[in-house]
Amino acid sequence: MSKDDAGSRGQSAARSYRAALARLVRGEGRHPDHAGRAVRITPAAVAREAGRSRNPLYATHREILDEIEAAAGSDTPVRDLATRLDELEAELSRLRADARRHSDERRELASVNLTLLHRARSAEDKLAALLRRTPDIGVPSTSLAKEILAQADFRKS
């Protein structure tokens, strides 16, 4: 093996590591462990994405390790996407809790409404019975009394 073969292999490895790093930074990983996921940029992740061993990164490609460290510390689309995903999941859980609370409140209000309706009808029935027993007790509005009696009779039929 000549020195040129070793040099071209090293350059090829460097290109594949850098291409893998660029894909991970863009959030476009091709490796099955990275595709469609937010991936933490590490030397292991870059080597896995490049389909190569980590050892050459540490042994002969120290400059790429510096690039990986810089990329890991910067804001990347993947990190932004992961942050946005976390925010949306938090909002979704908050909205679900609100929906449960509103459902409980609606159920409570329906119960109170039914109780009030029952009390109002009971009061109307008692008033109608009282008006039937004593029709001429001097009620100022006889039309109101007739209306109450008619409603009570209509509900019973």
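Modeller: One term before we start: a residue counts as buried when its relative accessible area is under 20%, as exposed when that value is over 50%, and as partly exposed in between. Also keep in mind that what you see above is a predicted model.

Biologist: Fine. Then which residues of H4 are buried?

Modeller: In H4, the buried ones are Ile64, Leu65, Ile68 and Ala71. They all lie on the same side of H4, because the arc they cover around the axis is only 125°. Turn to the other side of H4 and you find Asp66, Glu69 and Gly73 exposed.

Biologist: Let me try one residue. Why does alanine 71 count as buried?

Modeller: Its relative accessibility is 10%, so alanine 71 counts as buried, the limit being 20%. This alanine is in helix H4.

Biologist: Now the core. Which residues have the most contacts inside the largest nonpolar core?

Modeller: The general idea comes first: in soluble globular proteins, nonpolar side chains tend to be buried together. Here the largest nonpolar core has 17 residues, and Tyr17, Ile41, Val46, Leu57 and Ile68 have the most contacts inside it. Helix H1 (3-26), helix H2 (43-50) and H4 each supply at least two residues of this core. H1 gives the most, with six residues.

Biologist: Take one of those. What is leucine 57 in contact with, beyond its neighbours within four places in sequence?

Modeller: Leucine 57 is in contact with Tyr17, Pro43, Ala47, Arg62, Ile64, Leu65 and Ile68, once those neighbours are set aside.

Biologist: And H2: how many of its eight residues are buried?

Modeller: Six of them, so to speak a mostly covered helix. The buried residues in H2 are Pro43, Ala45, Val46, Ala47, Glu49 and Ala50. Just after H2, look at the backbone of glycine 51, where phi is positive, at about 75°.

Biologist: What about serine 53, where is it found?

Modeller: Serine 53 is in the loop between H2 and helix H3 (55-59). Its relative accessible area is 38%, which means it is partly exposed. Not counting residues up to four places away in sequence, serine 53 touches Tyr17 and Ala47. Its C-alpha atom is separated by 9.7 Å from that of alanine 13, 40 residues apart along the chain.

Biologist: Zooming out, how many helices and strands are in the chain?

Modeller: Six helices and zero strands. Of the 157 residues in the chain, 20% are buried. Among contacts with a separation of 6 or more, 56% are between residues 24 or more positions apart. The accessible surface is about 11600 Å², and carbon and sulfur atoms hold 54% of it.

Biologist: Last one: which element has the lowest mean pLDDT, and which the highest?

Modeller: Read pLDDT as the predictor's confidence in each residue. Helix H6 (residues 142-156) has the lowest mean among the elements, 67, while H2 has the highest, 89. Over the chain the mean pLDDT is 80, and 76% of the residues reach 70 or more.

Key: Residues numbered from 1 in each chain as written. Heavy atoms only, no water. Buried < 20%, exposed > 50% of the residue type's maximum accessible area, 1.4 Å probe, protein only. Helix = DSSP H or I, 4+ residues; strand = E, 2+ residues; numbered from the N terminus. Arc of directions from axis to C-beta. Core = buried A, V, L, I, M, F, W, Y, C linked by side-chain atoms within 4.5 Å. Contact = heavy atoms within 4.5 Å. Areas by Shrake-Rupley, 256 points an atom, 1.4 Å probe, with all protein chains shown as cover. pLDDT = per-residue confidence, 0-100.
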